[in-house]
Amino acid sequence: MQCPRTSYPLKPAKVGGIVVYISERSGGVFFDNLVLSNFTNPADVRAEVLAKHLRQFSAPLGDENARVNCPKCPQIVMMRRYFSPLRVVEIDECPGCGGIWLDTGELDKLHENHLSAKERELLRIKMLEEHQVFHIDSPRHYKLSQPGERSNLEKVFAIAADVLSDD
Ligand SMILES: [Zn+2]
């Protein structure tokens with residue numbers, strides 16, 4: 001398999017017993033279907049090790065918005081999509097094999113935006129509440145660019161509310 005950004009061969013690497021395919025040119029990484037979920041929690045040693053390993057190769061990309069072809073299915077163009085409903089981090093997913101390509105820095109971004117199980121539950125409850133509020137009282141009470149002393153979780157809630165208000 002080749003790096004979709006540089007065409008250099010991807011290097012298989014076992015991280016915590018799980019194989020991922022690393023581009024030592026671009027700092028990108030390819031995950032087979034469902035494998036990424038093993039690396040999204042920054043509290044997991046495995047995830048931390050991989051993120052640290054990738055950082056040493058990170059290179060600036062030419063055109064970040066250029067579509068990439070799947071390393072595993074070279075004839076298929078990967079689809080750009082948001083990793084989570086919060087729409088913070090975008091990833092490339094192959095509609096053929098379900099593999100995922102992360103460009104340099106994207107694993108770090110996933111980790112920065114990772115929610116713990118407790119935070120996810122709070123978010124779920126909050127989203128339900130906000131959803132009702134938006135039907136009764138529609139004006140937004142926040143701005144994403146608003147400076148302030150919000151916690152990270154509050155920022156995430158603000159983004160979640162934004163997502164819901166698109167509907
Ligand atoms: Zn594929």
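A residue is called buried when its relative accessible area is under 20%, exposed when over 50%, and partly exposed in between. With a relative accessibility of 2%, cysteine 94 therefore counts as buried. Keep in mind as you look around that this is a predicted model.

Cysteine 70 is buried as well, because its relative accessibility is 2%. Cysteine 97 reaches 24%, so this residue is classed as partly exposed.

For comparison, the ideal angle for four tetrahedral donors is 109.5 degrees. As for sulfur–sulfur bonds, a search of the whole structure turns up 0 disulfides.

Now let us turn to helix 1, which spans residues 45–55 and has Ala47, Leu50, Ala51 and Leu54 as its buried residues. Viewed down the helix axis, these buried residues fall within an arc of 100°, so they line one face of helix 1.

What lies over the buried residues of helix 1? The cover includes strand 1 (11–15), strand 2 (18–22), strand 3 (29–31) and helix 2 (106–112). On the other side of helix 1, Val45 and Lys52 are exposed.

## Aspartate 103, a charged residue in a loop

Our last stop is aspartate 103, found in the loop between strand 6 (100–102) and helix 2. Is aspartate 103 buried or exposed? Its relative accessible area is 4%, so aspartate 103 is buried.

Which side chain makes a polar contact with the side chain of aspartate 103? The partner is arginine 5, and the contact spans 2.5 Å. Setting aside neighbours within four places in sequence, aspartate 103 is in contact with Arg5, Gly27, Gly28, Leu61, Arg80 and Asp92.

Terms used. Residues are numbered from 1 along each chain as its sequence is written. This is a predicted model: local features need pLDDT of at least 70, side-chain atom pairs count only at pLDDT 80 or more; totals for chains, interfaces and linings use all residues. Side-chain values use heavy atoms; hydrogens and water are left out. Buried means under 20% relative accessible area, exposed over 50%, partly exposed in between (1.4 Å probe, protein chains only). Helices (H or I, at least four residues) and strands (E, at least two) are DSSP runs, numbered from the N terminus. The arc is that of the directions from the helix axis to the C-beta atoms. Contact means heavy atoms within 4.5 Å. A disulfide is a pair of cysteine sulfur atoms within 2.5 Å. A polar contact is a pair of N or O atoms within 3.5 Å; within protein, one must be able to donate a hydrogen and the other to accept it, and residues adjacent in sequence count only if both atoms are side-chain atoms.
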